[in-house]
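I opened this entry to keep track of what I looked up, one topic at a time. The sequence and the structure come before my notes.

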Amino acid sequence: MTAGTPELRAAITNWAKTKLKATGEFDVLPLIGSKELVAWLPSLLQSKSVNFPEIAYPTYRVGAILAGAREAAVAISPEQWPHADLTWVNSPANPTGRVHSDEEYLKAIEWARANNSILVSDECYLEFGDTAVPTSILQYTNGNNHNILAVHSLSKRSSMAGYRGAFLIGDKDLIARIREVRKHAGMMVPLPIQKAMTIALSDETHVVEQRARYNARRATLVPALKAAGFEIEYSNAGLYIWCTRNESDWDSVSWLANLGILATPGNFYGELGKSHIRIAMTATDLQIAEAAARIAAATKV
Ligand SMILES: Cc1ncc(COP(=O)(O)O)c(C=O)c1O
C-alpha cells in the first residue's frame, strides 16, 4: 500500500515519461495529497536547513518549522541561496502564476548538485498553462535524477482535492528512503483512492476541459481588474491572478470585499506580497462573470 499498486505505479511512470519528459532511472511514490508531503518531507528526511521561494505557498515554511530546521525564503535565482539540505522550487507558482524558464531550472539543478542539496520541484499546477507552457524539472536532469524530486497532485490536475491523491517522481534511492520511513510513519494512500488515481491519470480529456475553463475565467477577470487600476503580474499559468494596485493588500482586499468578492492578501505568501492580492479562479463561471461585472460597475462610478 505504501509503494502503490502495480497499476498506479505504471500509470504514474507512463505519465512522467510522456507528459513530464522524465528520462533516466527514476522511481514513483503515491502520497495522500501534496500538502502532506510539503509539510512532512523535511521531517521524514531529518533536514536541518530548508530553502523555499520568498513568495510562496505557506506550507513550505510550516514543513521547515515542524522539522525544527533553519528556514530561508529565497529569490528565484540561486546566486544568493544559503546552503540547505532541502530546497523547494514551485512552477507554476502559487500565488504568482509564474513559470520557470529553462535557464532557471538548469541553474537550480546546477546549484543543488554543487551544494549536495535535495531539490524538490512542486509542479502541482503544471497542467494549467495559459500564456506560458509549464515544464517539469525532470526534463532538465539529462537522465541524472540524483537528489531531484518532482511532486504532483490530482487535486489540481483532476479537481480531486477531496480524494487526497498526489505522487512523487524522481531519485530512486531517495524515494526508497522516503518509502521505507513511510512504511513505519504511515500516510499511505487508501486502495480505492489509488484506483481512482489510476483512472484519472489515464484520461486527458477532462484536463484539457478544465484548463480551458480556468483560462476563460482569467480572460474574463483580467480586463475588469486592469480597468479598476490593478497591474497584473506573472499569472501566466495555474489557478490564480496575482495583481497589485500599489496599495496595501488589505486595502485591495477590502475594496473587493465591499463588492462581495473574496481575494487573498498577498502578505499570506510572504512579506514581499504585502501590496498584492491573489485571486483564485476556483469560483464557478457564473460567479466569475458576476465578479467581473461588479468590478466593472464599481470602476465606472
Ligand atoms: C503550491 C502548492 N503545493 C501543494 C498544494 C497542496 O495541494 P494538495 O494537498 O491538495 O495536493 C497546494 C494547494 O493549494 C499548492 O498551492
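**The sheet and its helices**

I began with the sheet in this predicted model, and found seven strands that form an open sheet with mixed pairing, in the order E1-E7-E6-E5-E4-E2-E3. I then looked at the edges, where strand E1 (27-31) and strand E3 (70-74) each have a single partner strand, so one side of each has no neighbour in the sheet. From one strand to the next, the twist averages 20°.

Helix H4 (residues 102-115) lies across strand E4 (86-90), strand E5 (118-122) and E6, and runs at about 150° to E5. Helix H6 (residues 172-185) lies across E1, E5, E6 and E7, and runs at about 35° to E1.

**The ligand**

Which residues come nearest to the ligand? Of the 13 residues around the ligand, I listed Gly 33, Ser 34, Lys 35, Ser 153 and Ser 155 as the nearest. Helix H2 (residues 34-44) gives the largest share of this shell, with three residues, and by class the shell has five nonpolar, six polar and two charged residues.

**The domains**

Last, I noted that the protein chain is divided into domain 1 (6-203) and domain 2 (206-300). Their contact takes 24 residues from domain 1 and 23 residues from domain 2, and the domain 1 side that touches domain 2 has eleven nonpolar, seven polar and six charged residues.

How values were computed:
Residues are numbered from 1 along each chain as its sequence is written. This is a predicted model: local features need pLDDT of at least 70, side-chain atom pairs count only at pLDDT 80 or more; totals for chains, interfaces and linings use all residues. A residue is near a molecule or strand if its C-beta atom, placed from the backbone, lies within 6 Å of it. Helices (H or I, at least four residues) and strands (E, at least two) are DSSP runs, numbered from the N terminus. Ala, Val, Leu, Ile, Met, Phe, Trp, Tyr, Cys and Pro count as nonpolar, Asp, Glu, Lys and Arg as charged, and the others, Gly among them, as polar. Domain bounds come from an automatic or database domain assignment. Two residues are in contact if their C-beta atoms, placed from the backbone, lie within 7 Å. Two strands pair if DSSP finds at least two bridges between them. Axes are lines fitted to C-alpha atoms, for helices over the stretch in contact, and angles run from 0 to 180 degrees between N-to-C directions.
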